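User: I would like to go through this model with you, one topic at a time. Shall we begin?

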Amino acid sequence: MAVACGDGFTTIVTEEGEAWACGNGENGQLGLGDNEHQLLPTHVTGSEVFGGEALVMMSAGLKHTAGVTKDGALWSWGDGRYGQLGHGDMEPRLRPERLGREMFGGSPAMMVACGYAHTLVLTARGLVWSCGLGRCGR
């Protein structure tokens, strides 16, 4: 179980590896497929959410969220205007979208940390990958 807090929103990983989210959803950071606010924790669901894998951890940035699943994939969603989602563009994602091991030299993601508008990923090989706003030495 884990909890991560962003700017006005909260994400929760249950013991079963499921994601829940509540709070400010204006940038899709809740992963619910819309930009609505949620006053109560809401289950992040969908036919392809997390590829059926259990979520191991999540991290929350200012207006984006990222999570790592048991198979070592990184998933990201929310505000992407600085490239912080890692998908090679600056588009928002309203639902979790997968970044596979190939993005990290074939190594599985082990941990993720989201900052203001950037994301860091630690791989099983001990390498750190970054994306997003690089100002001020990020």
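User: Which residues is A19 in contact with, leaving aside its neighbours within four places in sequence?
Analyst: A19 is in contact (heavy atoms within 4.5 Å) with I12, T42, H43, V44, F50, L55 and M58, its neighbours within four places in sequence being left aside. The model is predicted, so local features need pLDDT of at least 70 and side-chain atom pairs count only at pLDDT 80 or more, while totals for chains, interfaces and linings use all residues. Residues are numbered from 1 along each chain as its sequence is written, and side-chain values use heavy atoms, without hydrogens and water.

User: How many residues are in the largest nonpolar core?
Analyst: It has 16 residues, and A19, V44, F50, L55 and M58 have the most contacts inside it. Such a core is a set of buried Ala, Val, Leu, Ile, Met, Phe, Trp, Tyr and Cys residues joined through side-chain atoms within 4.5 Å.

User: Which strands supply at least two residues each?
Analyst: At least two residues of this core come from each of β2 (9-13), β3 (19-23), β5 (55-60) and β7; strands here are DSSP runs of E, at least two residues, numbered from the N terminus. With three residues, β5 gives the most. Another core, of 10 residues, lies apart from this one, and V68, L99, V112 and V121 are among its members.

User: Switching to W75: where is it?
Analyst: W75 is in strand β7. From A4, W75 is 71 residues away in sequence and 15 Å away in space, C-alpha to C-alpha.

User: Is W75 buried or exposed?
Analyst: W75 is buried (under 20% relative accessible area, with a 1.4 Å probe and protein chains only), because its relative accessible area is 5%.

User: What surrounds W75, beyond four places in sequence?
Analyst: Its contacts there are E48, F50, G51, T65, A66, G67, T69, P96, E97 and R98. With the side chain of T69, the side chain of W75 also makes a polar contact at 3.4 Å. That term denotes a pair of N or O atoms within 3.5 Å, one able to donate a hydrogen and the other to accept it; residues adjacent in sequence count only if both atoms are side-chain atoms.

User: And Q84, where is that found?
Analyst: Q84 belongs to the loop between β7 (74-78) and β8 (93-99). Q84 is buried as well, since its relative accessible area is 1%.

User: What does the side chain of Q84 reach?
Analyst: The side chain of Q84 reaches the backbone nitrogen of Y82 at 2.9 Å. A polar atom of that side chain also lies 3.0 Å from the backbone oxygen of D79. Beyond four places in sequence, Q84 touches H64, D79, A117, H118, T119, C131 and G132.

Technical notes:
Helices (H or I, at least four residues) and strands (E, at least two) are DSSP runs, numbered from the N terminus. Buried means under 20% relative accessible area, exposed over 50%, partly exposed in between (1.4 Å probe, protein chains only).
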